[in-house]
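Keep the viewer open as you read.

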Amino acid sequence: MSLPEYKKDFLKAALEGGALRFGSFELKSKRTSPYFFNAGDFYKGKLHKSIMDAYAQTIATSELADGFDVIFGPAYKGIPLAATVFYALVNMDSAKYGDAAYSFDRKEAKDHGEGGSIVGSPLKDKRVLIIDDVVSAGTAKREAIDKIRAAGGTVVGIVVALDRQETLPDGDGKTSAIGQLRKEYQIPIISIVKLDDIIDGMKGVISDGDIKKIEEYRAKYGASD
């Protein structure tokens, strides 16, 4: 099945901009991965536009399209994502998203001025969609969910750029970090692309050897959830 155009455009920009690389990379988990993705490398105008548009398309074509009031970006990488993806959504459909809002948190609560740890839209009684780059162990997302709930909001879902579709290093050998969060909180978690999309989208673009290494990595560490 062919990938949607926005996914193809996203992968093309990620590859050309160096955000998606192939080779040998040691991860925090100590696994050696044949690919590496860093959303922080989308810092040039053309590249930044491609990831913002891809996030917006992913949200707008998902089950979450009509189900949120506020986009929330956890500090730090989530902050520019929340602001710019919110703009992309309003630019795409101002009638649908014009009354929505965005918000983000501070690492440390401010004790002067407006105070508190939440910046932007108040979260009380709001349906909140969390946006971030990836889910690693899930710790940062749990912290964000706790903050949102403490502020009176309801988390309705999470959107990330990449789902690595791999098992947790200390898990049951079947479950991914995203799968664990879905089960724990009973919320949808969507991504612009998954590892399977990278494999499909990069065939004929990168070497057959690199594709084989990724497929072997998927076979070894792939999650079944």
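## Ground rules

Axes here are lines fitted to C-alpha atoms, for helices over the stretch in contact, and angles run from 0 to 180 degrees between N-to-C directions. Helices (H or I, at least four residues) and strands (E, at least two) are DSSP runs, numbered from the N terminus.

This is a predicted model, where local features need pLDDT of at least 70, side-chain atom pairs count only at pLDDT 80 or more, and totals for chains, interfaces and linings use all residues. Residues are numbered from 1 along each chain as its sequence is written, and side-chain values use heavy atoms, with hydrogens and water left out.

## Two helices that cross

Two packed helices are described by the angle between their axes and the distance between the axes. For helix H2 (residues 45-60) and helix H3 (residues 78-92), the angle is about 65° and the axes are 9 Å apart. That makes H2 roughly perpendicular to H3; on this scale, angles under 35 degrees are roughly parallel, over 145 roughly antiparallel, 65 to 115 roughly perpendicular, and the rest oblique. The crossing of H2 and H3 is right-handed, a label used if the near helix is turned clockwise from the far one by less than a right angle, with anticlockwise giving left-handed.

Who meets whom? On the H2 side, the contact takes in His48, Met52, Asp53, Tyr55, Ala56, Gln57, Ile59 and Ala60, and on the H3 side Leu81, Thr84, Val85, Ala88, Leu89 and Met92. Contact means heavy atoms within 4.5 Å. Sorted by type, the residues of the H2 contact with H3 come out as 10 nonpolar, three polar and one charged. Here Ala, Val, Leu, Ile, Met, Phe, Trp, Tyr, Cys and Pro count as nonpolar, Asp, Glu, Lys and Arg as charged, and the others, Gly among them, as polar.

Ser50 also sits in helix H2. Ser50 is buried, with a relative accessible area of 16%; buried means under 20%, exposed over 50%, and partly exposed in between (1.4 Å probe, protein chains only). Not counting residues up to four places away in sequence, Ser50 touches Ala13 and Phe42.

## Salt bridges

Side chains of opposite charge can pair when their charged atoms come close. The rule for a salt bridge is a side-chain nitrogen of Lys or Arg within 4 Å of a carboxyl oxygen of Asp or Glu, and by it the count comes to 15. Take Lys7 and Asp197, whose side chains pair up at 3.3 Å, N to O. This pair links distant parts of the chain, with Lys7 in helix H1 (residues 5-17) and Asp197 in helix H7 (residues 195-202), 190 residues apart. Are these two buried or exposed? Lys7 is buried, and so is Asp197.

Lys77 and Asp133 form another salt bridge, at 3.3 Å from N to O. Lys77 lies in the loop between strand S3 (70-73) and H3, and Asp133 in the loop between strand S6 (127-131) and helix H5 (139-150), so the pair ties together parts that are 56 residues apart in sequence. Lys77 counts as partly exposed at 42% relative accessibility, while Asp133 counts as buried at 10%. Then there is Arg142 with Glu184, at 2.8 Å from N to O. Arg142 lies in helix H5 and Glu184 in helix H6 (residues 177-185), so this pair ties together parts that are 42 residues apart in sequence. Arg142 is buried at 18%, and Glu184 is partly exposed at 42%. Salt bridges that share partners also join Arg31, Arg164 and Glu166 into one network.

## A buried loop residue

Thr167 lies in the loop between strand S7 (154-163) and H6, and is buried, with a relative accessible area of 7%. Leaving aside neighbours within four places in sequence, Thr167 contacts Arg31, Gly173, Lys174, Thr175, Ser176, Tyr221, Gly222 and Ala223.

Most residues other than glycine have a negative phi, and most peptide bonds are trans. The peptide bond from Ala75 to Tyr76 is cis, with omega near 10°, and Tyr76 lies in the loop between S3 and H3.

Lys30 has a positive phi, near 80°. Lys30 belongs to the loop between strand S1 (20-26) and strand S2 (32-37), and is exposed at 60% relative accessible area. Gln165 has a positive phi too, near 55°; Gln165 is in the loop between S7 and H6, and counts as buried at 11% relative accessibility.
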